[in-house]
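Here's a quick briefing for you to read with the model open beside it. Have a look at the structure first, then work through the points below.

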Amino acid sequence: MRIGLLTEGGYPYVSGEARLWCDRLVRGLGQHEFDIYALSRSERQEAQGWIELPPQVNRVRTAPLWTVDDHGVACGAGHGRRARRRFAECFGELAAAVCDSGAAGAAGASGATDASASTDASASTDALADRFGSALYGLAELARDHGGLVTALRSEAAVRALESACRAPGALRTARAARVPDLLAVASHLERALRPLSLDWYGDDGLGAVDLCHATSGGPAALPGLLAKHFSGVPLLVTEYGVQLRAHYLATGDEALSAPARALLTSFHGRLAAEVYRQATIITPGNTHARRWQERCGAERTKLRTVYPGMETSRFAEVGDREDPGDPDTLLWVGRIEPAKDLISLLHAFAEVRKEEPKARLRIVGAPAEGPEAHAYLAHCRALAAQLFPDEAQGAHAVGDNPVSFEEIGSPETPELADAYAAGSVVVLSSVVEGFPISLVEAMFCGRATVSTDVGAVVEVIGGTGLVVPPRNPRALAEACVALLRDAGRRERLGAAARARALELFTVEQNTEAFRGIYLEIVSHCPVRREAVDDAGEPVPFGHPAEAYMPGRWAVAAGGAGADGDGGAGPGGAPSWAQETDRPERLKGAGV
């Protein structure tokens, strides 16, 4: 079958999120064809190029979310009066749905009983979802018929529509205080998030020709999948290993945005996530933590299938097979150094460990995350370690040695990641915020006992094969570490159980097999009803996968414009900032 793989800020670029698992998925499903539709996040990411693509990738089309060349994509002034009026209507409805305070305010104001309030809230939520979706698809149809919306979404008309929605009765209380600079900032963010509407990806030579769209995250990455379903009835599969809406909540707190702007953007991304979950045929969270987020955002439980990330096991096989359990006095921490990892608590916990086990050592292996904040945090951790653990020496003429070391992969002490895990007997995770704990899974592949904090998907991953303590509790962390340092037999049992669990649940093979079955299930129940023809207009034998002809069909029908819906790019043509590349020429030009 032909898969449209939708990515944002990752595959097929050398850097970015979801790059590794997407590459492993594509390579593991060699019997299928893949068309890649990628949204890039920065000029640097595009300059770094692509990874080497396997032969089953037929086409790559890209577009940036970080900049735009206004030449060739002008909208608003270049449109006729009817198109401008249609834009004002659709965007006004979208803004009204975003600014609406929703069912909670209505139920609270009415003072109704719990049962009636719940019914009213559900009806109000459905009405808002319909209103948002109708406005979103109206803008998409406008972009298809008249060209891109880049300039229109940044125009005075868009700002005035946002202002009217913020001042309307029932608007979000925080949004009512929005001023012109706030509205300009929101309009700019909305234009970037809605930029996929202006692309020419949805015709019969693009996503309209695939059997299935697989979005590798929510948010803007899934938006092309929504439009492919609307225009051509293509079913949508959404995979989230880190919930995009949660990432947005965390990101807006770091940006220099006012409270009204944050409230408006949070509402928009919440409405978009709900629409993505509503239209998706199947949603595959990477863990229960992500699944709970999706359910709270409106995802139906019947659509949810947990599929754990697949990780390469070969580089850890040698360490896992060794009988050497590592240095029995060494605690190991591996990861990206940033405030969310809470190394401060780890250092204070290790101070307590040293009181009980004077020979204990702590090796912190990792590089700081991008940005000055992470580098400043690393410097603070080094200073704290020097203060808590002055260099120790056995005699007056001996060289002192600190029991805490900071190392990076590739250094003489740890040339490879597997060498880091081989050096210690207990691996520690001290995070206060965590999604899917990759370092814990790597430690499990190596057969190491673990001590970790109860955040994110940690408990689900560990599954009883390690010790778990509350976050921000150095004393509990220290007690768990001391318990394992003093009991070699317990470390060995936990390490063996952890390795068996990781090899059963978190390998590339199990991940690939899960998606192979999901692909077949979706195509067999939700086939795209279209005629497969060649360039001459003649029918193509076996143009559809055999699963498309299996008897039976889900109630989730192929909606939108139908199999023969018009998915053209419109008279505006392809925006100059959107690139289409057939794979051989693109690889040649990129030097991959």
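This is a predicted model: local features need pLDDT of at least 70, side-chain atom pairs count only at pLDDT 80 or more; totals for chains, interfaces and linings use all residues.

Residues are numbered from 1 along each chain as its sequence is written, and side-chain values use heavy atoms, with hydrogens and water left out.

- D35 sits in strand β2, which covers residues 33-40; strands here are DSSP runs of E with at least two residues, helices are runs of H or I with at least four, and both are numbered from the N terminus.
- The relative accessible area of D35 is 0%, so this residue is buried (under 20% is buried, over 50% exposed, and in between partly exposed, using a 1.4 Å probe and protein chains only).
- Its side chain makes a polar contact with the side chain of R2 at 2.7 Å (a pair of N or O atoms within 3.5 Å; within protein, one must be able to donate a hydrogen and the other to accept it, and residues adjacent in sequence count only if both atoms are side-chain atoms).
- Leaving out residues up to four places away in sequence, D35 touches R2, I3, G4, L5, N58, R59 and V210, with contact meaning heavy atoms within 4.5 Å.

**Cysteines**

- There are zero disulfides in the structure (a disulfide being a pair of cysteine sulfur atoms within 2.5 Å).
- C381 is buried at 0% relative accessible area, and C526 is buried too, at 5%.

**Helix α14**

- Helix α14 runs over residues 343-356, 14 residues in total, and reaches 20 Å from first C-alpha to last, close to the 20 Å expected at 1.5 Å a residue (the expected span is 1.5 Å times one less than the number of residues).
- Because 10 of its 14 residues are buried, α14 is largely enclosed by the rest of the structure.
- Among those buried residues are L343, I344, F350 and R354.
- The cover over the buried residues of α14 includes β7 (327-334), β8 (361-365), α15 (372-388) and α19 (474-485).

**Y421**

- Y421 belongs to helix α16, residues 417-423, and counts as buried at 0% relative accessibility.
- Beyond its neighbours within four places in sequence, Y421 has contacts including F316, L332, V427 and C446.
- The Y421 side chain reaches the backbone oxygen of S439 at 3.3 Å.
- Y421 and G447 are 26 residues apart in sequence, and their C-alphas are 9.2 Å apart in space.
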